[in-house]
Amino acid sequence: MNINFINKTRGYAFILMFIFHIFVFLKLLVNLNYLNNPVLHFIGFISRNIFIILVGISLYLSFKNSKNIEEYKKKQLLRSIKIYCIAIYITLLTYFIIPEYYIVFGVLHFISISILLLYNFVNNIFALIGILIICFTLSNFKIPFTLSNNSSLGTYINGILGLNIYKTTIDSFPLIKWIPKVILGIFIGYFIHYFYKKYQNTIKKNKKNKKIQQSIQNNHNIIDLIGKNTLFLYAIHFPIIIIIIILFKKIL
């Protein structure tokens, strides 16, 4: 299933995120703070939520597109490992550039772990509802791990779950806050697949419309390319922004 608007949506979300991160690093590197601007706040909010919801949509559509369950599981496992490797690179990069605010568990860490947690349940609505209940319970009752009182590991686990703040960081995506949004994306994926399938059946009845549809799908533009390469672009956009700001600082 090739639904072009998903790539476009991901592409626009990346552009919004890129803009937001410019201002994040302006604050950190040259102490220019525009982050209180409501427009920037909205840009950051929209880009984060779109990215996370698209994780769930992609999980479900990938499941429906796979030839068999083994192929699907292998693909998602490799995808998770690939994303986490890039997440580690982001952690190291930010540690050396901005050690006070380096990323411990950011968006890529979260996406990788959420894939591992959910890819076995994309077609099990009862399991997904159960996970939602667990997230709701943890977030409302703040049940801490016993490890948290005795070790830094417990504090870290509580931090990535969202039960405490383990450090100051420029990017944090606690599991119990954002997992429900991935699940929302999975549910949206159900509807996209259902209605897209009906749409395709309608198109097949009209050869002329089918040719038009194929022409539209083959017409890739810059937003499509960004949407298809967001992981690579995410990996390089931090150093690009940092280098540009450092050069700009020297000029001033």
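**Figure 1. Overview of the chain.** From the N terminus on, the elements of the protein chain run α-α-α-α-α-α-α-α-α-α. That makes 10 helices and zero strands, where helices (H or I, at least four residues) and strands (E, at least two) are DSSP runs numbered from the N terminus. This is a predicted model, in which local features need pLDDT of at least 70 and side-chain atom pairs count only at pLDDT 80 or more, while totals for chains, interfaces and linings use all residues. Residues are numbered from 1 along each chain as its sequence is written, and side-chain values use heavy atoms, with hydrogens and water left out. Of the 252 residues, 42% count as buried (under 20% relative accessible area; exposed is over 50%, partly exposed in between; 1.4 Å probe, protein chains only). Among contacts (heavy atoms within 4.5 Å) with a separation of 6 or more, 74% come from residues 24 or more positions apart.

**Figure 2. Helix 1 against helix 2.** Here the two axes come within 8 Å and cross at roughly 145 degrees; axes are lines fitted to C-alpha atoms, for helices over the stretch in contact, and angles run from 0 to 180 degrees between N-to-C directions. The crossing is left-handed, meaning that the near helix is turned anticlockwise from the far one by less than a right angle (clockwise for right-handed). Ala, Val, Leu, Ile, Met, Phe, Trp, Tyr, Cys and Pro count as nonpolar, Asp, Glu, Lys and Arg as charged, and the others, Gly among them, as polar.

**Figure 3. Helix 2 meets helix 4.** The axes of helix 2 (residues 38–65) and helix 4 (residues 107–118) come within 11 Å and cross at roughly 30 degrees. The two helices are therefore roughly parallel to each other (under 35 degrees; over 145 is roughly antiparallel, 65 to 115 roughly perpendicular and the rest oblique). Their crossing is right-handed. Helix 2 brings Ile52, Val55 and Leu59 to the contact, and helix 4 brings Val107, Phe110, Ile111, Ser114, Ile115 and Leu118. Eight of these residues are nonpolar, one is polar and none is charged.

**Figure 4. Asparagine 31 in its loop.** Asparagine 31 lies between helix 1 (4–30) and helix 2. Its phi is near 60 degrees, a positive value in a residue other than glycine. Most residues other than glycine have a negative phi. At 64% relative accessibility, asparagine 31 counts as exposed.

Figure 5. Cysteine 85 is partly exposed, at 49% relative accessible area, whereas cysteine 135 is buried, at 7%. The structure holds zero disulfides (pairs of cysteine sulfur atoms within 2.5 Å).
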